[in-house]
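Hi,

Here is the structure I said I would pass on. Have a look, and my notes on its aromatic rings and core follow below.

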Amino acid sequence: MAGPVAPEEQKFCLQEVLDTFKLCLSENKDVYLEHYIAGWRGLVKFLNSLGSVFGFISMDAVNKLKILVAYLEGENGSQYVTIQSMLKYELDNGLVDLTKKASNPESGCRTLLRLHRALRWLELFLERLRTSSEDSKTSVMCAEAYNESLAQHHPWVIRKAAGMAFCVLPGRLAFLEVMNVGPPEKVVAMLGEAIPLISEVYQITEELYAQHNLLELP
């Protein structure tokens, strides 16, 4: 029987996320889907390390990652090597679900958009965590980040539940400890390296979706 301590492979490590997002971009700034997925798996570990508070986001992210992996490993996997190639392939072949009644409710484009929105929330939250003082309230930081990003895409019931969940978040030091990279100053320094990488991947994806008018896929 597994004990209360998470298996080593399930522990979050900020260094792993940093290394993965370094691999995300090609020389031409294409976003490799395989490394994007790997980076998100690391972020899911981060969410899970904080208990059930973020369960409503973590579980949804895991489901979305499974869908993308299936596309990447499927018969048309060569079309899903990068986010750019995925959008082109799905748009060219009428596979993007442009309405709620579309025949492709779990297209790669729609699935990744949900992760993309959540990535923005994590980016904003981690940046607040990096620049905050020891006595800053993580509940406030997390709520502010959520309200600037994911909240606008969630119904009232989810927003209400999220607000209640944020109220019981552990303190800033606990967040820094789960990064598993050493003392607080080392964590802050590594966040300073990781967040710009996450931000660049986010911005490239945002511009790509905006270019194709896909930011509001239902």
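There are seven aromatic pairs in the structure. I paired rings of Phe, Tyr and Trp (its six-membered ring) if their centres lie within 6.5 Å, calling planes under 30 degrees apart stacked, over 60 edge-to-face and the rest tilted. One of the pairs is tyrosine 80 with tyrosine 89, edge-to-face at 5.8 Å centre to centre and 70 degrees between the planes. Both of these tyrosines are buried (under 20% relative accessible area; exposed is over 50%, partly exposed in between; 1.4 Å probe, protein chains only).

A stacked pair is tryptophan 121 with phenylalanine 125, at 6.5 Å centre to centre and 5 degrees between the planes. Both sit in helix H5 (residues 108-131), four residues apart, or about one turn; helices (H or I, at least four residues) and strands (E, at least two) are DSSP runs numbered from the N terminus. Ring pairs also join Trp121 and Phe125 to Phe12, Phe46 and Phe175 in a cluster.

Leaving aside neighbours within four places in sequence, phenylalanine 46 is in contact with residues including Leu122, Leu126, Val178 and Met179 (heavy atoms within 4.5 Å).

Before you use any of this: it is a predicted model, where local features need pLDDT of at least 70 and side-chain atom pairs count only at pLDDT 80 or more, while totals for chains, interfaces and linings use all residues. Residues are numbered from 1 along each chain as its sequence is written, and side-chain values use heavy atoms, with hydrogens and water left out.

Cheers
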